[in-house]
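Try each task before you read its solution.

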Amino acid sequence: MELTHSRADGSYRKQLAQLSKTQLLILDDWGLEPLLPAQRNDLLELMDDRYGKNATVMISQLPTDEWYGCVGDNTLADAILDRLMHNSHRLEMKGESMRKRRAQVD
């Protein structure tokens, strides 16, 4: 969302550079909605700039084999996910949501 807004106010390159240099970028709730074309391009550019330099954490309820569908374009999905998955560490969690368990305690 910030990158979308930065296009309008002319700070896109500055915002992208700042995100690229951030030591740890956490993308939470990945895959809730398919990416729009501009978002695909932003993510590719961001992942390309960060690749091999800084850590990125993707948090999603979707299995990784469904991430292609979230990107919405197979060519860009290949490029984005190649940068994300190469040299990655995957943690797959199983079990009930902690929110459900916490609600039962309250």
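A pocket is an open set of points on a 1 Å grid over the protein atoms alone, where a 1.4 Å probe fits, with protein on both sides within 12 Å along at least five of seven lines; its lining residues have an atom within 4 Å of a point. The model is predicted, so local features need pLDDT of at least 70 and side-chain atom pairs count only at pLDDT 80 or more, while totals for chains, interfaces and linings use all residues. Residues are numbered from 1 along each chain as its sequence is written, and side-chain values use heavy atoms, with hydrogens and water left out.

**Exercise 1.** Describe the lining of the largest pocket.

*Solution.* 
Step 1: Count the lining. It has 38 residues, and M58, I59, S60, L91 and M93 lie nearest the pocket's centre.
Step 2: Find the elements (DSSP runs: helices H or I, at least four residues; strands E, at least two; numbered from the N terminus). α3 (37-50), β2 (55-58), α5 (74-85) and α6 (98-105) each supply at least two lining residues.
Step 3: Sort by class. Ala, Val, Leu, Ile, Met, Phe, Trp, Tyr, Cys and Pro count as nonpolar, Asp, Glu, Lys and Arg as charged, and the others, Gly among them, as polar. The lining has 14 nonpolar, 12 polar and 12 charged residues.

**Exercise 2.** Which element gives the most to the lining of the second largest pocket?

*Solution.* 
Step 1: α1 (2-9), β1 (24-27) and α3 each supply at least two residues.
Step 2: Pick the top one. α3 gives the most, with 4 residues.
Step 3: Check the classes. This lining has 11 nonpolar, 3 polar and 5 charged residues.

**Exercise 3.** How many salt bridges does a search of the whole structure find?

*Solution.* 
Step 1: Apply the rule. A salt bridge is a side-chain nitrogen of Lys or Arg within 4 Å of a carboxyl oxygen of Asp or Glu. The search finds 3.
Step 2: Take D42 and R7. Their closest N and O atoms are 2.4 Å apart. D42 is in helix α3 and R7 in helix α1, 35 residues apart.
Step 3: Take E45 and R13. Their closest N and O atoms are 2.5 Å apart. E45 lies in helix α3 and R13 in helix α2 (residues 12-21), so the pair ties together parts 32 residues apart in sequence.
Step 4: Take D48 and R83. They meet at 3.0 Å, N to O. D48 is in helix α3 and R83 in helix α5, 35 residues apart.

**Exercise 4.** Is D42 buried or exposed?

*Solution.* 
Step 1: Recall the cut-offs. Buried means under 20% relative accessible area, exposed over 50%, partly exposed in between (1.4 Å probe, protein chains only).
Step 2: Compare. D42 has 4%, so D42 is buried.
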